[in-house]
Structure formats: C-alpha cells, structure tokens
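Me: I would like to learn how to read the features of a helical model one by one. Could we take the general idea of each feature and then its case here?

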Amino acid sequence: MWKTVRQAARATAHLVLVAAMTFGTYLFITVLLIAATGTLVVIGAWMLPEAVLLLRRIAGAKRRMTAAWTGREIPEAYRPIEGPLAERFRTAVKDPGTTADLKWLAAHYVYGALLVVALPLLVVGLVVDGVWCGALRRDAVALPLVTRLADVEARWSTTLLKPSPKAQLVERVEQLKATRADAVAAHGAELRRIERDLHDGAQARLVALSMRIGLAKRAYDRDPEAARKLLDDAQDQAEEALLELRHVVRGIHPPILTDRGLAGAVRALAARWGGLAVTVDDGGLDEGPRAPAAVEAAAYFVVAEALTNVAKHSGAAAAGVALARTRGGLRVTVRDEGRGGADDGGGSGLLGMRRRVAALDGSCEVSSPVGGPTVIEVELPCVW
C-alpha cells in the first residue's frame, strides 16, 4: 500500500510540473502572436527566429521532464538558427523540428491539464484504497490510475517530441557534411605531412647520397682511400634514407597490421613503450574474421596517439588498452591513471583522433577529469 501511495504521489508531482509548464505555454501564446504580427508587418521579422529558439528551449525542458519520469532520453534534431536575418528566418520556418514542436505545443494545451483528473483521483484513492487495502487486504484500485495518467502523459509527449524521420534525415545529412569536411581536412593534412617527411627526410638523404657517390667517382683514380670513405658514407646515407622511407610508409599504413592483424600490431606497439607499462586485452580478435583495413588502421592510430599522449602528458607509469568486438563494430578503450585534464587543444592530438574516427562514422568519447583517470573510448562501425 505504501509503495502504491509513494508512486501515486510521485505521479502527481510529475503532473503538477506538467500543469505548471502548460500554464507557462499559455503565456507563450502571447509571444507567438507578437512574433506572427511582427512578421506580417515585415519590420518585426527578426522576432520569429527568437520565438522559435524560445520554443526549442521549452520543448527541451519538456523532453528532460519526460525523460526524468520514463528513464529514457528523447533525442533532439534541430537545424542551427544562425547567420544573417534572412537565413535565420528561413531556417526557423522550414526546419521540420519547428513544425513538430508546434504540434506538440497545440496538443499540450489540452493533455497538459491531466492534473485536473489526477487530483480528485488521488483524494478518492487515498480514502477508497485505504479501506480496500487496509481492511480487506486487497490490491489498490484507484491510486494506480494516477500513475497511469502520468504514464499516458509521458507517452504522448514522447510521441510528439521525438524527431520526425525527415528531421532525423536532415540532421544526418548535416553530420555527414561535417564529417566529410573533417575527412577532407584530415586527408589534406596527412598528404602535407607525408610530403614534408619525404622532403625533409628521405629526399634530403638521397640528395646527400648522390653527392657522395659523385665525389667518390671523381676521387677514385687519384685517392682510392678517400673514395672508399665516401662510399662508406654513401652506404650509411642509403640506410638512413631507407629508414626514413619505412617511417613514412608506416605512417600511411603500418605493414605490421597486414602481417599480424590489429591485435598483434597493438601488442607490438605496446611493447615499444619502454618507460610505460602497457597491458593489452585483445578481446580475442586473433580468432574469427578481421575488421576492414580502414577500421584496423584507424584503431591502430587511435591507440598509438593515445599512448603518445599518456607518455608525454599524463605522468602515468602504466596504461591499459582493450579491444573488443561489438555487435555493430569494434570498440577500442585506452585508460591511464595519470593527472587527467586532457582536452582537444594543447597539442594533445585528440582533435585529429576525433576526425579520423568521424571519417568512418564512428564515435570518440573522452573522459579526463582533473586528477584522472583518463579514458578514451572509440567505437568504429564495421561488419564482421
């Protein structure tokens, strides 16, 4: 009985908040009328985008209120209202989210008053169920109806406030445009890095190699010992140039990925960090099908960049890497117990990591409170 009473009281409190919001939305009608009138006379057209932004805030508050009751988040899908007045006006009018919010607002004017039904039910239920449950030891009858009213209100709000398929499609297109721009930018930066590495490294050593061979040829007849020394230097230059070229190739696509797969490549990468104890949980990736090459390369570079950050910035003595198959792809988690405070700025490389992951339509979550720990979790979609 007491559990039923507490649940009914919680449902009533929820409906009280709904009624209070409904009263606020009644006042919002005035804002809408002023914005509509100003738009009709043109001179007040700037008010419409501001009214739509206010409507979005009200709908957002309702989403949070409904999520607090149901325990399930309601996503948002709005086009950003920004730019010149004409563009802001056009976005506010054409955004499918505006139409959905207006439909919810109109319906909320009606079903937001369910408190009028809930309060008498609560009073009657306390009396009837008090006798029914206390004297006759039966299950409550009236009080659960208050909870059902709150459930009905939350279900209607969820249905009306969740993004329409058209709004979700618009948001998806915007996300793809942003990730495509990031992928193009990352690709351009990678090409410039490769060009710089070749120019400053291998190309410079090959030029020096060519000069030493030329000097050796000219000195061969008159001073064989000097020529031999120049050829020894040329051999050293050739070996250094090969090392530079291997470094560049490794930056494009590590050969070890092709040879050993992601799990073996990550274990080899972890073994290279002499001053950092790295443990690797490969999640059994050695068994079964491999992820696509692009996914493996992205995961490898995420681990490499994350371990570089740990060694340079965290001050931690150990780190852990976990790889796991998921139903929809591959999960990579890197954790350290360092000082924390990692962000996308400050040369941490997180921005480049996010761009690389976003180019594959993945997600990158970074948790790094000051004092640690730092946890980087990346999800890369793929088909196994």
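Predicted model: local features only at pLDDT ≥ 70, side-chain atom pairs only at ≥ 80, totals over all residues.

Me: How should the length of a helix be checked, and what does α2 give at 1.5 Å a residue?

Reply: Helix α2 covers residues 47–70, and its 24 residues should span 34 Å at 1.5 Å a residue. The end C-alpha atoms of α2 are 35 Å apart, so the two values agree. For α10, the 22 residues should span 32 Å, and the end C-alpha atoms are 30 Å apart, which also agrees.

Me: What is the overall content of the chain in helices and strands?

Reply: The chain has 11 helices and 5 strands. Of its 384 residues, 36% are buried. Among contacts between residues at least 6 apart in sequence, 70% join residues at least 24 apart.

Me: How does one read the packing of two helices, and at what angle do α2 and α6 pack?

Reply: One reads the angle, the axis distance, the handedness and then the residues in contact. Helices α2 and α6 pack at about 135°, and their axes are 10 Å apart. An angle over 145 degrees would count as roughly antiparallel, and α2 is therefore oblique to α6. The crossing of α2 and α6 is left-handed. On the α2 side the contact is made by A59, K62, R63, T66, W69 and T70, and on the α6 side by T147, A150, D151, E153, A154, S157, T158 and L161. By class, this contact of α2 with α6 has 5 nonpolar, 5 polar and 4 charged residues.

Me: How are α4 and α6 oriented to each other, parallel or antiparallel?

Reply: Helix α4 (residues 96–111) packs on α6 at an angle of about 160°, with the axes 9 Å apart. The two helices are therefore roughly antiparallel. Their crossing is right-handed. From α4, the residues A100, D101, W104, A107, H108 and Y111 meet E153, W156, S157, L160 and L161 of α6. The residues of the contact of α4 with α6 divide into 7 nonpolar, 2 polar and 2 charged.

Me: Is S157 buried or exposed?

Reply: The quantity to read is the relative accessible area, together with the contacts. S157 lies in helix α6, which covers residues 143–161. Its relative accessible area is 0%, so S157 is buried. With neighbours within four places in sequence left aside, S157 is in contact with K62, T66, W104 and Y111.

Me: At what angle do α9 and α10 pack?

Reply: Helix α9 (residues 255–271) and helix α10 (residues 293–314) pack at about 25°, and their axes are 10 Å apart. They are therefore roughly parallel to each other. The crossing of α9 and α10 is left-handed. The residues of α9 in this contact are I256, L257, G261, L262, A265, V266 and L269, and they meet E296, A297, A299, Y300, V303, A304 and L307 in α10. The contact of α9 with α10 has 12 nonpolar, 1 polar and 1 charged residues.

Me: Which residues does V280 touch, beyond those up to four places away in sequence?

Reply: V280 is in strand β1 and touches V266, R267, A270 and V321. The C-alpha atoms of V280 and A270 are separated by 7.5 Å, although the two residues are 10 apart along the chain. V280 has 29% relative accessibility and so counts as partly exposed.

Me: Where does D282 lie?

Reply: D282 is in the loop between β1 (277–281) and α10. Its contacts, leaving aside neighbours within four places in sequence, are A263, R267 and L323. D282 and V321 are 39 residues apart in sequence, with 8.0 Å from C-alpha to C-alpha.

Methods: Residues numbered from 1 in each chain as written. Heavy atoms only, no water. Helix = DSSP H or I, 4+ residues; strand = E, 2+ residues; numbered from the N terminus. Expected span 1.5 Å × (residues − 1). Axes fitted to C-alpha atoms, helices over the stretch in contact; angles between N-to-C directions. Parallel < 35°, antiparallel > 145°, perpendicular 65-115°, else oblique. Left-handed = near helix turned anticlockwise from the far one by under 90°. Contact = heavy atoms within 4.5 Å. Nonpolar A, V, L, I, M, F, W, Y, C, P; charged D, E, K, R; others polar. Buried < 20%, exposed > 50% of the residue type's maximum accessible area, 1.4 Å probe, protein only.
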